[in-house]
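Please look through the sequence and the model below before reading on. The paragraphs that follow move from the nonpolar core to the strands around it, and then to the links between side chains.

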Amino acid sequence: MKTFIVLSCLLACAFAATFVPSTLTWSDCGSGAHFKATNVTMSPDPPTHGDSVTVTAVGTNDEALSGGDWSTKVKLGPITVGSFTGKVCDAMVGCKCPCPAGQQTSATTLTVPAIAPKGTYKGQFTATDQNGNQLMCIAYTFQMS
């Protein structure tokens, strides 16, 4: 359950002495996808250099899920600075595959490189189901400060 973006990436808050507003924005880019995201969060948001960040997606799946793959690429400007892949079933929260249709939660934790430069990062998280059909697509943007 180390990686699922989607990207999982992406709407959380970081707490210090005061509230820090979320830097994450996301949109569902999955026309005809089986999973429709209703919320995506990232914690902490903004991410911290050299620390872990967890991306959680909540939504509804219109089919039973017994397998599949996901991938995400993170870009800073036109340059791909990270590429991650994994198994959909490894990212499911509270359900070991096969998972029934209905509300589902997935989460992935990744380590932010200590040398990640400041800036606006963009990416797209995609996943396919056990039949190779589009499960989900989430486009995201976040800030690294």
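A nonpolar core is here a set of buried Ala, Val, Leu, Ile, Met, Phe, Trp, Tyr and Cys residues joined through side-chain atoms within 4.5 Å, where buried means under 20% relative accessible area, exposed means over 50% and partly exposed lies in between, with a 1.4 Å probe and protein chains only. The model is a predicted one, in which local features need pLDDT of at least 70 and side-chain atom pairs count only at pLDDT 80 or more, whereas totals for chains, interfaces and linings use all residues. Residues are numbered from 1 along each chain as its sequence is written, and side-chain values use heavy atoms, with hydrogens and water left out.

The largest nonpolar core has 26 residues, and those that touch the most other members are Val40, Val88, Ala127, Met136 and Phe142. Two or more residues of this core come from each of strand 4, strand 5, strand 6 (68-76), strand 9 (119-129) and strand 10 (134-144), strands being DSSP runs of E with at least two residues, numbered from the N terminus. Strand 10 makes the greatest contribution to the core, with 6 residues. As a general background, nonpolar side chains tend to be buried together in soluble globular proteins. If contact is taken as heavy atoms within 4.5 Å, then Phe142, leaving aside its neighbours within four places in sequence, is in contact with Thr23, Leu24, Met42, Pro47, Val74, Gly119, Thr120 and Tyr121.

An open sheet is formed by 3 strands in the order 4-5-8, with antiparallel pairing; strand 4 (35-43) and strand 8 (102-111) are its edge strands, each pairing on one side only. On average, neighbouring strands of this sheet are turned by 15° against each other, direction ignored, where the axes are lines fitted to C-alpha atoms and angles run from 0 to 180 degrees between N-to-C directions. Within the sheet, strand 4 pairs with strand 5 (residues 52-61) in the antiparallel sense over 8 bridges, and Ala37 stands opposite Gly59 of strand 5.

Strand 6 can be followed through two further pairings. Toward strand 9 it runs antiparallel and is joined by 9 bridges, with Trp70 standing opposite Ala127 in strand 9, and Ala127 is also one of the residues that touch the most other core members. Strand 6 is likewise joined to strand 7 (residues 79-87) by 8 bridges, again antiparallel, and Lys75 has Thr80 of strand 7 as its bridge partner. Strand 6 and strand 7 form a hairpin with 2 residues between them, and in the turn Gly77 has a positive phi of about 65°. Pro78 also has its place in the loop between these strands and is exposed, with a relative accessible area of 75%. Pro78 and Tyr121 are 43 residues apart in sequence, yet 9.8 Å apart in space from C-alpha to C-alpha.

The structure holds 1 salt bridge, defined as a side-chain nitrogen of Lys or Arg within 4 Å of a carboxyl oxygen of Asp or Glu. In this salt bridge the side chains of Lys87 and Asp69 meet at 2.7 Å, N to O. Because Lys87 lies in strand 7 and Asp69 in strand 6, the pair ties together parts that are 18 residues apart in sequence. Lys87 is partly exposed at 47% relative accessibility, and Asp69 is partly exposed at 36%.

A search of the whole structure finds 3 disulfides, a disulfide being a pair of cysteine sulfur atoms within 2.5 Å. One of them is formed by Cys29 and Cys137, whose sulfur atoms are 2.0 Å apart, and this link is left-handed, with -80° about the S-S bond. Cys29 lies in the loop between strand 3 (25-28) and strand 4, and Cys137 in strand 10, so the pair ties together parts that are 108 residues apart in sequence. Cys29 is partly exposed at 29% relative accessibility, whereas Cys137 is buried at 4%. Another disulfide joins Cys89 to Cys97, with 2.0 Å from S to S, and its torsion of about -100° makes it left-handed. The sulfur atoms of Cys95 and Cys99 are 2.2 Å apart in a further disulfide, and both of these cysteines are buried. With the bonded cysteines of the protein chain numbered in sequence order, the pairing is 1-6, 2-4, 3-5.

Technical notes: Two strands pair if DSSP finds at least two bridges between them. Helices (H or I, at least four residues) and strands (E, at least two) are DSSP runs, numbered from the N terminus.
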